[in-house]
Each structure stands twice: as structure tokens, then as C-alpha cells.
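Trainee: I would like to learn how to read helices, sheets, loops and backbone angles in a model. Could we take them in turn?

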Amino acid sequence: MKFSEAWLREWTNPDITTSELADQLSMAGLEVDSVGQVAGEFSGVVIGEVLVREQHPDADKLSVCQVNAGQEEQLQIVCGASNVAAGMKVPVALVGAVLPGGFKIKKAKLRGVQSLGMICAESELGLAESSEGIMALPADAPIGTDIRDYLDLNDGYIEVDLTPDRGDCLSIAGIARDVGVINRSSVTPPAIEPVPAQNDDSFAVTLDAPEACPRYACRIMRGINPDAETPLWMKEKLRRSEIRNISPVVDVTNYVLMELGQPMHGFDLDKLEGEIRVRMAQSGEKLLMLDGQEQELRADTLVIADSVKPVAMAGIMGGEESGVTSATKDILLESAFFAPTSIIGKARSYGLHTDSSHRFERGVDPELQVRAIERATALLLDIVGGEPGPVVVVESEQHIEKRPEILLRRERLAKILGVQIEDDMVADILTRLEMQVESVAEGWKVVAPSCRFDISIEEDLVEEVGRIYGYTEIPIHHSAASSIMQSEPEMSFSLQRAKSLLVDRGFQEVITYSFVSQEIHDLLDPGHDVVRLANPISADMSIMRTSLWPGLLQTAVYNQSRQQSRVRIFESGLRFVMKPSDIKQNPMLAGLISGEISPEQWGEGTRNVDFFDLKADLEAVLYLTGSPNDFDFVPGEHPSLHPGQAARITRNGEPVGWIGMLHPRLEDTLGLAGNTFLFEVSLEFLTGGSLPAFMPLSKFPSIRRDISIVVDEGVKFSQISECIRQEAPEILQDIRLFDVYTGKNIDFGRKSLALGLILQETSHNLTDEDAEGVMERILHALSNKLNAQLRE
């Protein structure tokens, strides 16, 4: 929430600087995001009146104006704004003035006509990001007065980022309450007296959903002036709160929202039929909103309706057809309390977020409605006139939660805070926080005010005392508790070591959201049931991920769209799979590569990555288990992966994960450039490992025998390796595959593999006869078991 510091100091004005005020708010739990000035740095700008406006003789879009700026002579100023007119009061930058950005106003000629100053727009004074035309000031603005003094622009703004439990501070009243308590300064709210009714007109109200709306107040005002304008002081306060000026009725409701924290709405009385009914929507009902969008309502949505149709989405936004227009003369003011549970998530589910929904979701004071409507009535009478009727209040007391009585124990307070606070100070803090306090033997019985939804248990009161007393005033105590050092099993798989290994191999770790869209889930992992969020951040984050691949792929797309074609990333985290009885959460490790194998350099050429590059990276990770031979890569089919370039990873026959190239169809759908390769393994299957055992190095020389065999294309190298090792388990030290060939002189459906076999004995020299005998057994086994033929 953003607000004017001057507005806050109208309520309470402690003798502290802006910086000190911001620090106090942050330390009290109301984190300050930013502090700044409400206008840009400028000087030499005064109020002037346009006396004469004439068309520029040589430019269709320029005007030549004679302006009275309170100087000795009238000023001739050339202006390009289309809305400038004789009789307007405007900001005038005199010659020598300096505007935001250091722009200095000088005498100039525009298309041959001399210009002695500049008529300014809001954006040129740093009052707005953009503006259409020059800034029009009220007709009674005093000519020659410095605009900074007139608009009180030597004011600052403060923006706070409130946690969801502090909805009571989404107003000037709430912030002032805390500032007053912290500084022991008086808080002076504006006087709000009941406005007597001037007619007997009222509007019937029926609460069909009292659990969702237990209190509804409204008031008819007849005969308002549709041509009235919002006063400048109110426009400025709203502008400094980033709320745009619309019309007097809307501006007053927004002003009360910012001042007291109570959202309100104004209806055009002539467009309402019968009575007001607060009910749940009928499925399929449609409502044209104030933002121009038509929404099809669901049955779980609370609406404000008349006898015929819905006219507003309760607590979120009004309907356009019943809204106040420039011709409206009779209005119905609404001020209601909606239970937070009936509003939470509804705005986002319709793609909306409003100041009203933001407050009702967090909780609005259920005792504030009549006070807010009286405040709005008084403001409207001053601005647009009219005749108010009586305030109609319809309520269901049993559905309004009463604040509980909480026992705050003296010993408990001291134990949690670590400091003994005097009883009188504790009672004073709670009392100044508008709580009802009764001293008892154990401590205090406390009832929080109706605006404090967040206070329901003893620890909440301890927090309140602690933050007002001051966290910096609480002494530091170092723990003296003994701790037991736990040793980590030597055979355990270290995820941190695996991450470091991937970083060493050129990867970068990413952290992505655990929430994904239904669409990307259906594309990448349709085989798993999903966990749906009851209150998603957005439609793109509506379900929990069942794989880490969506986040990695979205990260790759993001990088490629920013000219980063070489991507090597990994992530570790949980996936969430819905099971019949519970939600299964599996820790996973996943990686992605695309683009070139290495950065561009002069020493060697480069190529694009392929399946075996990623397989080598993954095998390096699996080697950290100490049992790399337990893992196999079995050809398989996965809906996200390219047929023929996908493999299921198993450990001793148990599925562990997948590796492969992303399906070309998905590459096109996601907008990826070039082939993309991914892996994902379950960390649960990597935890068990084995300790390496030392084997003495042989003192005797090794013998290498190279063979070239022809086998069926479906035969895997792992099958060949296993067959060879079975025939020479003692003396076979290594198998090196150094060539794979298909083509000329090789039968269709067959392939040639060239292998280097390293043979070595540990107790004596290996003779040629011994080696030949081993090779004969190996070739015989390959022929019998795998139909392998020795290639001549």
C-alpha cells in the first residue's frame, strides 16, 4: 500500500524524520518497500491564467497563449496541448525554471513565434507517468503562487508491503494506530458524526447468504449534482496513493477505502429494481463488469443482486450497467462486511484483482460499515450535495465472529521474549493497541479489537507486545544447549556433491516454481494424476508439478529468447503425484542441455549436443553412488521424448528415471530452437551406495586384443559387455568400444562394433597362448548367445 506521509501526519505527527518513521514501520512488522517524493524536483513553476488563446500562424497543432502568471507583464507562451483554452488556470514554468531531469526553461522561438515559458502537464512536473494535455487547476487557484506550495508537493510517499495477516493496516487509520502506539503520540482521526436523514427513502435488503455477508449497510442519496468535480485536495491524496481520479462518487468511496480501510460502492439508484439481495450466483449468470469484461458467474460466487439480475460481484467489482455515470442524480451507497472465506481466491479465479478484493480477502473490520457510510455521506454532501435518507443496516449477528478472550501469562511472555517487561508497560501497550485489558493474577485477560483478525491465541499477544516494545530492546542471549554431532553414513549418496559435479561439467542450477499450468502438464507428463490448487496464484500455476521438466523447459525457452542458445541447466526438488490415499512427494534431480557442446573458441571446432553427451553427464552423477554398474539404460517410449532417442533408467531392474531427446512436436509447441535433451531421476533410488575397495595394481604387463564383430542392430553394448565379462571374469580389465559402423558390406538390420579388450593377470605374465584361449571362449560365447559374427 502506498500513501502520502502528509496524510498520515494529519492523523498522528510524532517528532521523527521520514527515515526514522520508515525504520519504525519496518521494525514493527509493516515492511517499508520504498520511500520517495510525490513530485519530481523542479522550481520556478507558478499558477497562471490563460487570458487569450490563438492559433499559431505557421503550425496547426500549436497555440499562442497570453498568460497572466503574476509577473509585471503578461507572458506569451507557445503551447502544443490540444486542451488549452482561455480562462484556464494552469501551471506555468517561467523562464529560468528547472523541471525534473534538469530541463531548464529558456526564451525560445517556436516556428518564428517567441515563447516566454512553458505551460506544463502533470507528467512534465513528475506528478504522473503520462498525461494527455496540460494540467487544469481549479478556477480559484491563486495566480502567481508557487505550484509546489499550492499543491503541497514537498510531501513524500511511503509504500509498505504488508503480510496477509495485517489487513487492519491497509488504511491510513491502521498505519496511524501503530505509529501512534510506537511513539506514544496521540492519534486524531477526523470527526465522523451521524448525518441526519433528510428524507425517508430507503432500499430493502435481504441477506440470502448471511454466512458470507453477515452485515450490509446502505443509504440512498437523492439529487446529487452530476456536474460537480472532485476537490483538488482529494484528487491529490488519491494520486499519491496511486488511485486515479474518476468522478466525485467513486473518488469519495476510494477515499474512504484508503482512509478507513472499508471498501464501498455506489449504485445508480434508477438502475436498480425491487430490492437488494445478497446471494450466491446462479451458475451461468453473466455480469458486465466495470472494466468492460463480461464474466460468466459460478455458483460459488457471492453477488449483490436486485430483484432481477446481479449488479456486482460482492467484494470484488461492481457491474457497469448499474454503475454511477456523469448523468446520475440518485445513488445507493453500499458498505458491507463480507467474510474473508467467501472472497478468498474468487477475484483471481476470474482474472481480477482489485483494492476491494485485496482487503476483503485479508479481513475488514466488521464494525466499520456504518461509520464508513456516515463518513462518505458527509464528504459527498460537501462535494455533490443531495439529500441523504436513513442508513439501512441488515445483519446476522450469529454469523459475525466475536473476538475471543485470551489469557496472556506473565511467565509465558517473559519466556518467549527473553526479557521481563514491567506490568504497567504491557498493559499500556495493549491498551494503546485498542485492546480491552483486565489484570488478573497470572497476567492479563485481553480481547482484541474487531479489526484484528490475526489475534486469536496467546502467542499473537506476545508478538504484539514484542514488536511495540521494540525488538532492538530485547537483549541477545546465546544458547548454551549441548548438541550431538551426527555422522553421515559413508555409503550415502551426496546430492550436494552431485550438484557440484554438474557445475564442474558446465551446468548451472536453477530453481523454478512447483506450480505449473494444466496445459504444460498435459504436454509433458499426462500419465500422472495431479494435485490441483484450491487457491492458485494464476491460471498458469494451477497444479503442482509431477515432473521437473516443465520448469527446465520454460527456463530454456526464456534463455533462448534472449539469445542464449547454449543452455546447460539442472534442478533438484520435489514432484507431487496424486495417489488414491495421499499425495506422493518424490525428491528428483533433472537436467537439460541444448545448443553447442562447448563455447565458441579458436582451438577446436564445435558441434551440437547429442543424446550421449547428456548420458555421459548423468553417468558421472550415477558413479557417485559407488555402484555405477547397477544402472542400465533401457530403450523405451515416453510421451515427451523422441521415439528412438529415449531410455528408461533402471537400477537392478527398478525404474529410476528417464533420459532422451525432447519430442520434435513439443519443441515446436514450446518454441525451442534446436534439439533439446533431458534427464530426470528419482533421488530415492540413488541413496544406497557401496564403498570402494582397494585392489592392488598388477605388476605384470597387459595385452590388448582388438576384434570387430557384426551383430543385430537391436543388440545393446551392455549385452555384449556382460557376455564378454562372463567368459573372462578374472583377467578382463576393460572393454573399449572405439567404432560403430553400418552401411556398405554390412547386411541390412546389422551393425559392426570394434572392441578393444584389455587382458591382464595379477600373479604372473599373461602369455599369447593364454590370451588366445580367452579370445576363443569370448568369440564362441558371442556367437552362441548374441548371434555375433567376427568381421574379417
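Mentor: What follows goes through a few features of this structure, which is a predicted model.

Trainee: Which residues of α20 are buried?

Mentor: Take buried as under 20% relative accessible area. In α20 the buried residues are Ala771, Val774, Met775, Ile778, Ala781, Leu782 and Leu786. Viewed down the helix axis, the buried residues of α20 fall within an arc of 130 degrees, so they line one face of the helix. The face turned away from that buried side carries Glu769, Glu776, His780 and Asn784, which are exposed.

Trainee: What do the buried residues of α20 pack against?

Mentor: They pack against β36 (703–712), α19 (717–727) and β38 (750–759). Just after α20 comes Asn787, with a positive phi of about 55 degrees.

Trainee: And α17: how many of its residues are buried?

Mentor: Nine of the 12 residues of α17 are buried, and the helix is mostly covered. The buried residues are Phe611, Asp613, Leu614, Lys615, Asp617, Leu618, Ala620, Val621 and Leu622. Helix α17 spans residues 611–622 and reaches 16 Å from its first C-alpha to its last, close to the 16 Å expected.

Trainee: What caps the N-terminal end of α17?

Mentor: Look for a side-chain atom beside a backbone nitrogen. Here Asp610 is the cap: a side-chain oxygen lies 3.1 Å from the backbone nitrogen of Phe612.

Trainee: Now a sheet. In what order do the strands of the sheet with β1, β11 and β2 lie?

Mentor: Read the pairing, strand by strand. The order is β1-β11-β2, in an open sheet of three strands with antiparallel pairing. The edge strands, β1 (2–4) and β2 (31–37), each pair on one side only. Neighbouring strands of this sheet are turned by 25 degrees against each other on average, direction ignored.

Trainee: How many bridges join β2 to β11?

Mentor: Six bridges join β2 to β11 (residues 156–161), and the two strands run antiparallel. Gln37 stands opposite Gly156 in β11. Helix α2 (residues 18–27) lies across β2 and β11, running at about 160 degrees to β2.

Trainee: How should I read hairpins? How many residues join β18 to β19?

Mentor: Find the paired strands, then the residues linking them. A hairpin joins β18 to β19 through four residues. Three bridges connect β18 (residues 302–305) with β19 (residues 310–313), again running antiparallel. Val303 stands opposite Met313 in β19.

Trainee: What comes between β19 and β20?

Mentor: There are three residues between them, and the two strands form a hairpin. In the turn, Gly315 has a positive phi of about 75 degrees. Two bridges join β19 to β20 (residues 317–318), which run antiparallel. Ala312 stands opposite Gly318 in β20.

Trainee: Is Arg240 buried or exposed?

Mentor: Compare its relative accessible area with the cut-off. Arg240 has a relative accessible area of 7%, so Arg240 is buried. Arg240 lies in the loop between α5 (232–239) and α6 (248–260).

Trainee: Which side chain makes a polar contact with the side chain of Arg240?

Mentor: The side chain of Asp155 does, at 3.0 Å. A polar atom of the Arg240 side chain also lies 2.6 Å from the backbone oxygen of Leu151. Residues touched by Arg240 include Lys2, Phe3, Ser4 and Val38.

Methods
Residues numbered from 1 in each chain as written. Predicted model: local features only at pLDDT ≥ 70, side-chain atom pairs only at ≥ 80, totals over all residues. Heavy atoms only, no water. Buried < 20%, exposed > 50% of the residue type's maximum accessible area, 1.4 Å probe, protein only. Arc of directions from axis to C-beta. Contact = heavy atoms within 4.5 Å. Polar contact = N/O pair within 3.5 Å; in protein donor to acceptor, adjacent residues only side chain to side chain. Pairing = 2+ DSSP bridges. Axes fitted to C-alpha atoms, helices over the stretch in contact; angles between N-to-C directions. Expected span 1.5 Å × (residues − 1). Lists of a residue's contacts leave out its neighbours within four places in sequence.
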